[in-house]
Amino acid sequence: MASKVSLKTKGKGGKGSKGSDEKSAAQCLKDWSTWAMKKAKVVTHYGFIPLVIVIGMNTEPKPQLYQLLSPV
Amino acid sequence: MAGLVPPGTTTIPAEASKTAHTKAEEKTDYMNLPCPIPFEELQREALMSLKPETFEGLRFDFTKGLNQKFSLSHSVSMGPTEIPSQSAETIKIPTAHYEFGANFIDPNLMLIGRVLTDGRLNARVKWDLTENLTVKANAQLTNEPHMSHGMFNFDYKGKDYRSQFQMGNGALFGASYIQSVTPHLSLGGEVFWAGQHRKSGLGYAARYETDKMVAAGQVASTGMIALSYVQKVSEKVSLASDFMYNYITKDVTSSVGYDYILRQCRLRGKIDSNGCTTGFLEERLNMGLNFILSAEIDHMKKDYKFGFGLTVG
């Protein structure tokens, strides 16, 4: 953490604080949206097929659980 | 007042009035044109006839319905898969896949998911929010980073037009619009912007169809010109031809094919200007049991692909 702070002061100089705050607001939004997309991708990847199965098992007429696995 | 009407005018000959009435019906009612087909399906008849899903090796598909709306599918395929290579030769590695799928099909909501043994997921969602507005989503997700794709489409269907807006990952945006201009002719256009590759494009399309034939053409600023013509010779036979020209890379491909839809089978074949012939047969052995034979012979590249399969359910 200390090394990161020292790099920032070296790079920005006098206009340091205000410029970095504005940049970090937009940067924050980008970072949050990237984080959200990554989580959404993982959720969809693991959860889509179980979601379809759960929705399908709850429609009328309700199929039995063994019908999911047996080939008949 | 009846006495003032001259007697001659009341006796209009019956045939003249009938022909006048039918002529009025044949005159196009521009306020009541039919809804055009969606922009991405513009060349669907030609694609169905000329580009069947040929494969190589064994393919076995089993679909088990648990419900009217819900079904599971198991699919096994074994055979050589091509990998892209720098040299002119095609390199093939034998691979075997098992794919599990779950489908939920409702009049308003359709969910289709397919997952392979290596973890790749192929998901499609189609949701009819209202009678005219539809949301579609399509995703191919993999475990490898940066290799996943996703796309959302919002479709609006008007009385005689359709419009669509697309958003995809990698800052891909697109919009398309198609309008019926006469009962047989529809014209449309599309525009897209790909942020990641910094490319944008514009395209125009036209489609003329009657009961016996469909002619469609598409021009895009990416350099592609695609024209197709399908003639329905009889109930069972359709002939199709296709012409694709890229005016930037100066590539030309033309193909001619047939599509026989018979009682027990469907046979499709085509021959290409690249020296490639394809044949695809789907034979219905029994109720719900289909036998598939696929052949693709590329004389130029010396690539011969033959496949056979069985589809149950």
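Which residue forms a salt bridge with B:Glu40? Select B:Lys136: its closest N and O contact with B:Glu40 is 3.4 Å. A salt bridge here is a side-chain nitrogen of Lys or Arg within 4 Å of a carboxyl oxygen of Asp or Glu. The pair links distant parts of the chain, 96 residues apart. B:Glu40 sits in the loop between α2 (14-26) and α3 (44-50) of chain B, and B:Lys136 in strand β6 (residues 133-141). Helices (H or I, at least four residues) and strands (E, at least two) are DSSP runs, numbered from the N terminus.

Before going on, some ground rules. This is a predicted model, where local features need pLDDT of at least 70 and side-chain atom pairs pLDDT 80 or more, while totals for chains, interfaces and linings use all residues; side-chain values use heavy atoms, without hydrogens and water. Residues are numbered from 1 along each chain as its sequence is written, with chains lettered from A and ligands numbered from 1 in the order in which they are written.

B:Glu40 counts as partly exposed because its relative accessibility is 40%. B:Lys136, at 22%, is also partly exposed. Buried means under 20% relative accessible area, exposed over 50%, and partly exposed in between (1.4 Å probe, protein chains only).

Select B:Lys305 and B:Glu82. They form a salt bridge with closest N and O atoms 3.4 Å apart. B:Lys305 lies in strand β19 (residues 303-312) and B:Glu82 in strand β2 (residues 70-83), so the pair ties together parts 223 residues apart in sequence.

Next, select B:Asp128 and B:Lys126: their salt bridge spans 3.9 Å, N to O. Then pick B:Glu41, B:Arg44, B:Glu45, B:Arg207 and B:Glu209, which a network of salt bridges links. The whole structure holds 17 salt bridges over all chains.

**Aromatic rings**

How many aromatic pairs does the structure hold over all chains? There are five. Rings of Phe, Tyr and Trp (its six-membered ring) pair if their centres lie within 6.5 Å; planes under 30 degrees apart count as stacked, over 60 as edge-to-face and the rest as tilted.

Select B:Tyr156 and B:Tyr161. Their ring centres are 6.4 Å apart and their planes at 40 degrees, so the pair is tilted.
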